[in-house]
Amino acid sequence: MSVHDDLTSVHRALDDLLRSVTRLEQQIGSGLEIRRVRTDAEHLRESLGLLREAAQGPSPAQRRPLVTISDTPYDISLWTDSDDEGLGARDRHAP
């Protein structure tokens, strides 16, 4: 089965689950337990929607363009008067 087929199968199963929860709610009332089950099933439906979007991959508009970084060395003057991370300034010593 493909991912699309699996997602469709899960979607159908969730629809069946929600219908069953509705029938149970009509039979036993809308207590805290049945509301929790309904909420959990609805969260599963939302999560499945997010999973379906993620499985489709990003749209061309959402893809970020690649940035080329040059291999040429940086100008050494960029680091004049800078601190070495974790070591402090060059003219001072750690305590």
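How many helices and strands does the chain have? The chain has two helices and zero strands, where helices (H or I, at least four residues) and strands (E, at least two) are DSSP runs numbered from the N terminus.

A word on the ground rules. This is a predicted model, in which local features need pLDDT of at least 70, side-chain atom pairs count only at pLDDT 80 or more, and totals for chains, interfaces and linings use all residues. Residues are numbered from 1 along each chain as its sequence is written, and side-chain values use heavy atoms, with hydrogens and water left out.

**The helix pair**

Helix H1 covers residues 3-28 and helix H2 residues 32-56; the two pack at an angle of about 165 degrees, with their axes 10 Å apart. Axes here are lines fitted to C-alpha atoms, for helices over the stretch in contact, and angles run from 0 to 180 degrees between N-to-C directions. That angle makes H1 roughly antiparallel to H2 (angles over 145 degrees count that way). The contact of H1 with H2 has 16 nonpolar, four polar and six charged residues. In this scheme Ala, Val, Leu, Ile, Met, Phe, Trp, Tyr, Cys and Pro are nonpolar, Asp, Glu, Lys and Arg are charged, and the others, Gly among them, are polar.

Leu18 counts as buried because its relative accessibility is 11%; buried means under 20% relative accessible area, exposed over 50%, and partly exposed in between (1.4 Å probe, protein chains only). Arg52, at 23%, counts as partly exposed, and Gly49, at 31%, is also partly exposed.

Now for their partners, with contact meaning heavy atoms within 4.5 Å. Leaving aside neighbours within four places in sequence, Leu18 is in contact with Arg38, Ala41, Glu42 and Arg45. With residues up to four places away left out, Arg52 touches His4, Leu7, Thr8 and His11.

Here are some C-alpha to C-alpha separations:

| Pair | Apart in sequence | C-alpha separation |
|---|---|---|
| Leu18 and Arg38 | 20 residues | 7.0 Å |
| Arg52 and Leu7 | 45 residues | 6.9 Å |
| Gly49 and Leu7 | 42 residues | 9.2 Å |

**The chain as a whole**

Zooming out, buried residues make up 8% of the 95 residues in the chain. Among contacts between residues at least 6 apart in sequence, 55% join residues at least 24 apart. The accessible surface comes to about 8700 Å², and 55% of that belongs to carbon and sulfur atoms; such areas come from the Shrake-Rupley method with a 1.4 Å probe.

Notes: Angles under 35 degrees count as roughly parallel, over 145 as roughly antiparallel, 65 to 115 as roughly perpendicular and the rest as oblique.
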